[in-house]
Amino acid sequence: MTALNLQYRPRRLRATPALRKLVSETQLRPEHLIQVLFVRDGIEEPQPIASMPGQYQHTLDSLLEQVEQAVSAGIQCIDLFGVPREEDKDADGTHAWLPEGILNRAIAQVRQRFGDTITIMADTCLDEFTSHGHCGPLSTDRFGQPIVDNDASVHAYSQMALAQARAGAHIVSPSGMMDGQVQAIRQALDAEGFYDVAIMAYSAKYASAFFGPFRDAVGSSLEGDRKSYQQDPANRREGLHEVRLDIEEGADFVMVKPAMAYLDIVSEVADFSPVPVAAYQVSGEYAMIEAAAAAGWVDREKIILESLTGIRRAGADIILTYYATEVASWLS
Ligand code: PBG
């Protein structure tokens with residue numbers, strides 16, 4: 001058989017493992033990953049999260065062990081969510097900013113133990129702390145319809161961010177999708193001298209069914225949905241607008257969330273953002289991989305690495321993921 005007369009044979013560069021590595025365009029390293037962790041008040045033992053096999057609501061002690069493991073694996077940042085006791089939830093979400101609130105106590109303990117060895121990021125949103133599960137306090141509009149009050153929420157986030165900064169957070173991360181939240185938090189932090197505390201803005205966050213398992217993880221009290229504040233999954237231009245606004249308001253990082261179903265947004269944001277771009281591989285993405293792997297339908301390790309590589313390839317500098325420590329230990 002006569003050989004084809006081809007100008008290009010791209011397969012040449014795929015012939016050996018060394019060659020493939022030589023021309024690999026995307027790197028996945030421990031420092032690209034943020035480990036997301038849950039800490040729950042009033043429990044004696046870590047509680048497994050049914051919808052997220054392998055993930056736990058931690059006690060303060062087991063949280064410290066997890067942070068230790070993350071550090072050993074080469075992780076540079078953790079993101080903490082607090083789960084208060086039912087009796088500590090109220091309509092305003094007060095335990096979000098009380099120093100004795102579970103998240104603030106956890107931040108303080110981790111900072112005391114680990115100092116600057118690992119970067120502590122805190123979730124700055126009220127939904128875990130409110131009795132109704134919404135991301136801010138409720139009020140009524142001029143027709144008497146219930147709404148989540150934007151400006152009152154922003155005021156509460158500022159207090160919460162201050163409490164987190166005082167407890168020792170290096171980064172606060174407003175995830176409530178309220179208008180003006182980044183600017184208000186920046187001003188509140190600066191007014192108390194916390195110039196060094198950074199803001200990771202959940203900029204383009206969509207009202208996503210991929211958050212389903214997370215509601216279980218934080219014992220959410222939510223009924224209904226968040227469509228009046230999180231974005232419509234159909235909207236691309238609006239997502240870019242949200243990102244630009246957050247950058248103007250002073251965001252140190254911007255984030256797209258969820259990741260896998262929104263890689264077009266990640267890619268476009270990466271093209272223009274002057275600040276680092278993060279993407280959040282959310283609970284539903286995790287749960288789908290775990291379920292399919294448990295059934296023996298996919299190769300768990302390969303699928304995890306491929307999903308994270310894809311998010312990096314789309315343009316994310318940083319990925320928030322429940323897999324961070326585990327993947328970092330494979331990589332190193
Ligand atoms: C809300 C918040 C949510 C997640 C992170 N922060 C849930 C929501 O908006 O309903 C979801 C994270 C995940 O699904 O992994 N503050």
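Tutor: Helix H9 runs over residues 283-294; helices here are DSSP runs of H or I with at least four residues, strands are runs of E with at least two, and both are numbered from the N terminus. The expected span of a helix is 1.5 Å times one less than its number of residues. For the twelve residues of H9 that gives 16 Å, and the end C-alpha atoms are 16 Å apart, which agrees. This is a predicted model, in which local features need pLDDT of at least 70, side-chain atom pairs count only at pLDDT 80 or more, and totals for chains, interfaces and linings use all residues. Residues are numbered from 1 along each chain as its sequence is written, and side-chain values use heavy atoms, with hydrogens and water left out.

H9 is mostly covered, with nine of its twelve residues buried. Buried means under 20% relative accessible area, exposed means over 50%, and partly exposed lies in between, for a 1.4 Å probe and protein chains only. Among the buried residues of H9 are Ser283, Glu285, Tyr286, Ile289 and Ala293. An α-helix has 3.6 residues a turn, so residues three or four places apart point the same way. The buried residues of H9 pack against H6, strand S11 (277-280) and helix H10 (300-314), where contact means heavy atoms within 4.5 Å. After H9 comes Gly296, whose phi is positive, near 80°.

Finally, consider H6, against which H9 packs. The loop between helix H6 (212-217) and helix H7 (237-249) holds Gln231, which is buried, with a relative accessible area of 3%. A polar atom of the Gln231 side chain lies 3.1 Å from the backbone nitrogen of Gly239. Leaving aside neighbours within four places in sequence, Gln231 is in contact with Gly239 and with others, including Met177, Lys205 and Glu242.

Technical notes. Polar contact = N/O pair within 3.5 Å; in protein donor to acceptor, adjacent residues only side chain to side chain.
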